[in-house]
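Work through the exercises below with the coordinates open. Each task is followed by a stepwise solution.

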Amino acid sequence: MALSPCTKREPLADYLANREYVSSSQLRRLARLGRRESAAPAAVDFDGSRMGEALHALVLEPEAFASRYRVLDGSVPAKRYGSGIQAMQRTWLDAWQWTALNRARAAILACPQAPLARWLSHGQKELSIYWTDESGRKWKARPDCFTDEGVVMELKTTTDCRPEAFARTRERLAYDVQAAHYVEAVFRLTGRRPLVVYVAVDFASPCGVWVHELSEAQVRHAAARLEKLKATFSCATLART
């Protein structure tokens, strides 16, 4: 019997530490098992995926950004970011990174394709959703932002935000599986199936922002793929116990 979903306003670390429930990230890893990459993965440095982490914090959780990052730029008041040991425990941004992050945030808020500023202002951001399905399986989700207007907004940083390039990235990283998982989470919470949009951002100058919407056919395909992955994951889990 399915149980009513619950929500938690919690730090990301607490969400990740909860092993009782399964996230879309675990299902996406399963989707990518055995897939041959065209080249060896590049080493992760701050100018790569971690810039995406910083942008997520700046756009979605400004208070968390202020507690986790320190800007090495004389134009930013030091008291805003603390000092001493507390500041040393934060990730440091140089002036270029700080400028790039602010440019990206401004481009998101000014994007003419969709009312992103309104969604971000009024939506639920980084809210953890937990539920148990009809088979007793436990799942969790943490959409970037979802609104009363029935929209789930996912912020993605990429090297090329144009439609064809981002479609390849979306397929390679199984973003559609994540989207279908979030649709289920929000549906169980609100009774409405939301529209999913990706806000793809690259840091090239001028900063590129492109809003991508999944078609109905893509949503149906993603939902079917999600159910297969859930079944495979559950069988694998039972085999280990």
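A nonpolar core is a set of buried Ala, Val, Leu, Ile, Met, Phe, Trp, Tyr and Cys residues joined through side-chain atoms within 4.5 Å. The model used here is predicted.

**Exercise 1. The largest nonpolar core**

Task: Find which residues of the largest nonpolar core touch the most other members, and state which element gives the most to this core.

Solution. 
1. The largest nonpolar core has 32 residues, and those touching the most other members are Leu 55, Phe 65, Leu 101, Ile 108, Leu 116 and Val 201.
2. At least two residues each come from α3 (49–60), β2 (69–71), α6 (95–109), α7 (116–122), β8, β9 and β10 (208–213).
3. The element that gives the most is α3, with seven residues.
4. Take Val 201 as a case: leaving out residues up to four places away in sequence, its contacts include Leu 55, Ala 104, Ile 108, Leu 155 and Val 209.
5. Another core lies apart from the largest one; it has 30 residues, among them Val 22, Ala 180, Val 196 and Phe 233.

**Exercise 2. The sheet around β8**

Task: Give the strand order of the open five-stranded sheet, then trace the pairing of β8 with β7 and with β9.

Solution. 
1. The order is β4-β7-β8-β9-β10, and the pairing is mixed.
2. β4 (124–125) and β10 are the edge strands, each pairing on one side only.
3. β4 pairs with β7 in the antiparallel sense over two bridges, and Lys 125 has Cys 145 in β7 as its bridge partner.
4. β7 (residues 145–146) is antiparallel to β8, again with two bridges; here Phe 146 is opposite Val 152.
5. The hairpin of β7 and β8 has four residues between the strands, and Gly 150 has a positive phi near 85 degrees there.
6. On β9 (residues 195–202), the pairing with β8 is parallel over seven bridges, with Val 151 opposite Leu 195.

**Exercise 3. The setting of β8**

Task: Decide whether strand β8 is largely enclosed or open, and say why.

Solution. 
1. Count the buried residues: six of the seven in β8 (residues 151–157) qualify, so the strand is largely enclosed by the rest of the structure.
2. Look at the helices next. α3 lies across β4, β8 and β9 and runs at about 140 degrees to β8.
3. Helix α9 (residues 175–190) lies across β7, β8 and β9, at about 150 degrees to β8.

**Exercise 4. Salt bridges between separate parts**

Task: How many salt bridges does the structure hold, and which parts does the pair of Glu 61 and Arg 142 tie together?

Solution. 
1. The structure holds eleven salt bridges.
2. Glu 61 pairs with Arg 142, the closest N and O atoms lying 3.9 Å apart. Glu 61 is in the loop between α3 and α4 (62–68) and Arg 142 in the loop between β6 (138–141) and β7, so the bridge ties together parts 81 residues apart in sequence.
3. Lys 230 is in helix α10 (residues 216–240) and Glu 184 in helix α9, so parts 46 residues apart in sequence are tied together.
4. Both residues are buried, Lys 230 at 1% and Glu 184 at 12%.
5. Shared partners join Glu 134, Glu 184, Arg 188 and Lys 230 into one network of salt bridges.

Terms used: Residues are numbered from 1 along each chain as its sequence is written. This is a predicted model: local features need pLDDT of at least 70, side-chain atom pairs count only at pLDDT 80 or more; totals for chains, interfaces and linings use all residues. Side-chain values use heavy atoms; hydrogens and water are left out. Buried means under 20% relative accessible area, exposed over 50%, partly exposed in between (1.4 Å probe, protein chains only). Two strands pair if DSSP finds at least two bridges between them. Contact means heavy atoms within 4.5 Å. Axes are lines fitted to C-alpha atoms, for helices over the stretch in contact, and angles run from 0 to 180 degrees between N-to-C directions. A salt bridge is a side-chain nitrogen of Lys or Arg within 4 Å of a carboxyl oxygen of Asp or Glu.
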